[in-house]
Amino acid sequence: MTAPTAESVRTVPRITGLATRLLTVPLRRHWGTEAPENHVIATELSTDDGGTGFGFSWTPTIGPQAVKALLDYDIAPFVTGLPATPEAVWDAVWKRLHEAGGGGLTTIAMAGVDLALWDLQARRAGTSVPGLLGQRQDSAEVYGSGVNLHYTLDELVAQAERWVAAGHQAVKIKVGKPDIREDVERLAAVRSVLGPDRRLMIDANQRWDLPTTFRALDVLAEFGLEWLEEPIRADDLWAYRRLRKHSPVPIALGENLHTIYRFRDFIEAEAVDIIQPNIIRVGGITPFRRIVELARTHSIKVMPHLLPELSGQLALTLAEPTLVEDVEDASFEQLGILDEPSPVRFSNSRVTLADHAGLGFRFKDRLQ
């Protein structure tokens, strides 16, 4: 029997460097005065065998410079020299950064490393990330979404008409006007455009307290809502527990939960029907997959939040069908910041995988 050679037992490549670039891009349809642009922190990770992985972190408003600083000054020196294995690196970095906070800016920054490592692994294997993880769905349904509370009624109706023309069978709009009667008027107009059979979801973006939410549901539930999203401050587990117990509409939340422990708290408290982890905000693909499995063991639905070109890829790896959120004109391809074709295709309100290796995110060096 021949003894194994050094080449045959080659160790896992080790990380030799991490570089970052901050890209700020104006939104084609701004999300109100507080969110006229999005920020992408592109990451490039190198290994001692000449490998390169590409990823990104993202934030629509707060802290892009802080995220980049965490990556440059705290994460990059720490991961240099570590074996390039996504889950082991994620656990080590989370433990390292925990003093600065268990989630939020820390996990947003960590996503930049985690995505780059999964990209590296997949391209080394000659496949896409869904191919590496195991693609279980040929396609996933896409729902039309709009950050549109600042839209006039006519603008909102026009958006709903575009969604119908595009073939969407499910859409989501914002609620939370100072006068609930205006929300009623807007919902009635959108429901009239959609007809009785299309699904309609609403998102209050933490604008209400518990009593206001109950008063709103008394008049909004009649529109046949698929879910009510994050009406109360996301940290208020006590309020969500009471809300879900009495709400006639399923409760969705999760875009502002950043760790598996917070998702566990809400699930075990029976405070939520649908969880919506944002893959970047929870720290990347590694924690997202763990959160999905937690939800499955409790029969909780998972609807990933925003970033359709990333969420769409991960949706295809889930055991159960899900909905992929597509905010109008806000994908990376539509914003014109990708240097290569999109890693997914959108057609007939479905998302499918395009032919690519890794994650398929290479960002332009310069934005016009």
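Which residue of β6 does Lys-172 stand opposite? In this predicted model, the residue facing Lys-172 is Met-201 of β6.

**Strand β6 and its partners**

The chain passes from β5 to β6 by way of helix α6, residues 180-194, in a β-α-β crossover that is right-handed.

Strand β6 also pairs with strand β7, residues 225-229, again in the parallel sense. Here Ile-202 has Leu-228 of β7 opposite it. Helix α7, residues 210-220, lies on the path of the chain from β6 to β7, and this β-α-β crossover is likewise right-handed.

The two pairings are set out below.

| Strand pair | Sense | Bridges |
|---|---|---|
| β6 and β7 | parallel | 3 bridges |

**Asn-38 in strand β2**

Asn-38 belongs to strand β2, which covers residues 37-47. Asn-38 counts as buried because its relative accessibility is 3%, and the cut-off for buried is under 20%. The side chain of Asn-38 makes a polar contact of 3.0 Å with the side chain of Trp-58. When neighbours within four places in sequence are left aside, the residues in contact with Asn-38 are Leu-23, Thr-24, Val-25, Leu-27, Trp-31, Trp-58, Thr-59 and Pro-60.

Notes. Residues are numbered from 1 along each chain as its sequence is written. This is a predicted model: local features need pLDDT of at least 70, side-chain atom pairs count only at pLDDT 80 or more; totals for chains, interfaces and linings use all residues. Side-chain values use heavy atoms; hydrogens and water are left out. Two strands pair if DSSP finds at least two bridges between them. Helices (H or I, at least four residues) and strands (E, at least two) are DSSP runs, numbered from the N terminus. A crossover is right-handed if, with the strands pointing away from the viewer, the path from the first strand over the helix to the second runs clockwise. Buried means under 20% relative accessible area, exposed over 50%, partly exposed in between (1.4 Å probe, protein chains only). A polar contact is a pair of N or O atoms within 3.5 Å; within protein, one must be able to donate a hydrogen and the other to accept it, and residues adjacent in sequence count only if both atoms are side-chain atoms. Contact means heavy atoms within 4.5 Å.
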